[in-house]
Amino acid sequence: IYQCDWSSDVCSSDLINSGIISLPIPNTYALDSSSLKTEGADVKILRDQNGCFYIQSSGRSKYSIEFGKEDTAFVNPPIPEDTQSIYKGSLSQNTENTINQLNGSPLQKAEQARQHILANHFYPGGGDLQKAQALQYKLRSESTGDNYLQKIDTSEYLECYSANTKFIAMMRKAGIPARLVVGYHVEGQKDGKSSITQSSGHAWS
């Protein structure tokens, strides 16, 4: 479990193993690397092109680190990869027609694509995370690199990762840069604390 205490502006964790984990720091906030305290293996702070923070541990360790408001919000301009197509061939006629009919500003086109996804797909199990994870696994296991987007496009149900993958495909086909961001969706707090667990995982674009 990873915790961010908003009353003391500190993120901390129980024992973690080697590898990389993302930290639940919202946009416009940043970690203070000089405040990092660890027990156990070496720990490093990483930040990606989306402004998301990660802890990289070489072994079993614990950590705590302070965070605070950034003076300037982190904004990274699009890179060439953000405009590259992520599917081969064509999607369904309905989806391809929607892409061809997108109009207005990039933001207006994005909203039209979002409405298309909402009108043609449903979240599995009324928000049940286990059912969503099972669906994501099913879509991946039954697909190849050549038909993954087509499987997503024709599925009646989509969880957040797959829905945003389709959204990105539509945006890039329309010439608008888009990328996937994976992190945590945190709602509410208790005594100034929010807890991050496996059920908090989410994807955006």
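Two strands count as paired if DSSP finds at least two bridges between them, and the strands themselves are DSSP runs of E with at least two residues, numbered from the N terminus. With that in hand, let's walk through this predicted model, in which local features need pLDDT of at least 70 and side-chain atom pairs count only at pLDDT 80 or more, while totals for chains, interfaces and linings use all residues. Residues are numbered from 1 along each chain as its sequence is written, and side-chain values use heavy atoms, with hydrogens and water left out.

Start with an open sheet of three strands, ordered β3-β6-β5 and paired antiparallel. Its edges are β3 (19–22) and β5 (43–47), each of which pairs on one side only. From one strand to the next, the twist averages 25°. Look at β3 beside β6 (residues 53–57): the two run antiparallel and are joined by four bridges. Ile21 has Ile55 in β6 as its bridge partner.

Next, the aromatic rings. Rings of Phe, Tyr and Trp (its six-membered ring) pair if their centres lie within 6.5 Å; planes under 30 degrees apart count as stacked, over 60 as edge-to-face and the rest as tilted. The structure holds two such pairs. In the pair of Tyr29 and Phe67, the ring centres are 6.2 Å apart and the planes stand at 65°, so this pair is edge-to-face. Because Tyr29 lies in β4 (residues 29–40) and Phe67 in β7 (residues 61–69), the pair ties together parts that are 38 residues apart in sequence.

Now turn to the helices (DSSP runs of H or I, at least four residues). Two packed helices are described by the angle between their axes and the distance between the axes. Here the axes are lines fitted to C-alpha atoms over the stretch in contact, and angles run from 0 to 180 degrees between N-to-C directions. Helix α1 (residues 93–101) packs with α5 (residues 160–173) at about 45°, their axes 9 Å apart.
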